[in-house]
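Thanks for asking me to look this one over. Here are my notes, written to be read beside the model.

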Amino acid sequence: MKTVVSGIRPTGQIHLGNYFGALQNFVKMQHEARCFFFIADYHSLTTHPDPANLHGNVEGALVQYLAAGLDPDVATIYVQSDVPQVTELSLLLSMHAYIGELERTASFKEKIRKHPENINAGLLCYPVLMAADILLHRADFVPVGKDQEQHLEMTRRFARRFNQIYGVEYLPESEAYNFGAELTKVPGLDGNGKMGKSEGNGIYLADNDEVIRKKVMKAVTDSGPTEPNQPMAEPIANLFAVMKIISPGETYDFFLEKYNACEVRYGDMKKQLAEDMIAVIAPIRARMEAISADRAYLRKVLTQGAEKARASADETLRNVREIMGIKPF
Ligand code: ATP
Ligand code: MG
């Protein structure tokens, strides 16, 4: 049986990018593999969340995992910091991670550009901790969105290097996974870039129908094409990209044909897109309400998840320590 690992940072509400890039695939994969899905609270510390919000965000992520359909009796669901073994593996892996390659990571360079006031070592070492998350359970597959592709390459590089240095075949070369298709990128509806928690442009699983309609109707568009088959400006291409992911194929084809014939009405397109989003989100939101009320259940899920994740982590660490020459007396 293959092993699958992935996580989401509790940096805010889970949005449609997280859902279509990651969470939906977690749910699909849970019955076919040995799955570990965690809430990456250590990772969220790189951007200094307010301690008053962190716990609530972890709980929110858990509720949303469960409401989206993850089954804790099938998949192992845990909070990253409940399995502190990951920090030891991260330390051990960091001995073979070079500063140069960490500094060249695209996400690190982008963080420097956007937040020059907060360039901390945790941010620099993010790809190492992420490799530790994945290699802790020796994952074959990692369901993630397009934005994580480079981090996965780094994870593979660290694993390969470890095996080479110690002359072993122990750490796997974990692959980013989307059922054989390209990794998903859900763009934001604000003109450019991805939908993201940090970008503040999310359409959230917790949003009610009216909020969803308002957000979609505000999506950036232009005055429309003037020539048949005109190349799309980025905001329009994004609107179509979102529709392609969320709406039925015939809906997408219909609006694309209209666009190519210079007859598209963006207002109609947005209305349809909002209804198609509501069809995905509303049932999840309804389940969220019921699940979040049952605190004893949430506690039980995490206790059981942490236990299973620790057992798997202990086994990996025992082997990695021994391979590196750290042996019990
Ligand atoms: P943050 O801004 O705090 O980094 P985020 O929105 O990027 O938040 P993450 O928690 O970093 O979300 O990512 C969780 C998962 O969701 C990852 O697998 C990531 O690839 C995926 N993901 C995030 N945004 C998108 C998106 N717009 N499209 C597809 N997948 C996405
Ligand atoms: Mg992110």
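1. First, the ground rules. This is a predicted model, in which local features need pLDDT of at least 70 and side-chain atom pairs count only at pLDDT 80 or more, while totals for chains, interfaces and linings use all residues. Residues are numbered from 1 along each chain as its sequence is written, chains are lettered from A and ligands numbered from 1 in the order in which they are written, and side-chain values use heavy atoms, with hydrogens and water left out.

2. Let me start with helix 8, residues 126–135. Helices here are DSSP runs of H or I with at least four residues, strands are runs of E with at least two, and both are numbered from the N terminus. How many of the residues of helix 8 are buried? The count is 10 of the 10, so helix 8 is largely enclosed by the rest of the structure. Buried means under 20% relative accessible area, exposed means over 50%, and partly exposed is in between, with a 1.4 Å probe and protein chains only. Among the buried residues of this helix are Pro 127, Asp 133 and Leu 135.

3. Next, the nonpolar cores. Such a core is a set of buried Ala, Val, Leu, Ile, Met, Phe, Trp, Tyr and Cys residues joined through side-chain atoms within 4.5 Å. The largest has 60 residues, and those touching the most other members are Leu 16, Leu 23, Tyr 65, Ile 203, Leu 205 and Met 277. Helix 13 (residues 266–292) is the top contributor to this core, giving 10 residues. A second, separate core has 39 residues, including Phe 38, Leu 102, Phe 108 and Leu 135.

4. Which residues is Met 277 in contact with, leaving aside neighbours within four places in sequence? They are Leu 16, Leu 189, Ile 203, Ile 212, Val 216, Val 242 and Ile 246, where contact means heavy atoms within 4.5 Å.

5. On the cysteines, I find zero disulfides in the structure, taking a disulfide as a pair of cysteine sulfur atoms within 2.5 Å. Cys 35 counts as buried because its relative accessibility is 3%. Cys 262, at 27%, counts as partly exposed.

6. A search of the whole structure gives two cavities of 30 Å³ or more. On a 1 Å grid over the protein atoms alone, a cavity is a set of points where a 1.4 Å probe fits but cannot get out, and lining residues have an atom within 4 Å of a point. Grid points are joined across faces, edges and corners, and a volume is the space filled by probe spheres set on the points. The largest cavity has about 40 Å³ and is lined by Leu 93, His 96, Phe 158, Arg 161 and Phe 162. Helix 9 (residues 149–166) gives the most to this lining, with three residues. The second largest cavity holds about 30 Å³, and its lining includes Gly 188, Asp 190, Pro 235 and Asn 238.

7. The second largest pocket has a volume of about 300 Å³. A pocket is an open set of points with protein on both sides within 12 Å along at least five of seven lines. Of its 13 lining residues, His 55, Val 58, Glu 59, Val 79 and Leu 302 lie nearest its centre. Helix 3 (51–68) and helix 14 (295–324) each supply at least two lining residues, and the largest share, five residues, comes from helix 14.

8. Two residues are worth a check of the backbone. Most residues other than glycine have a negative phi. Arg 138, in the loop between helix 8 and strand 4 (141–143), has a positive phi of about 50° and is partly exposed at 31%. Asn 229 has a positive phi of about 55°, lies in the loop between helix 10 (209–217) and helix 11 (234–246), and counts as exposed at 56%.

9. Finally, Glu 173 sits in the loop between helix 9 and strand 5 (175–177). Its relative accessibility of 38% makes Glu 173 partly exposed. Not counting residues up to four places away in sequence, Glu 173 touches Arg 156 and Arg 160.
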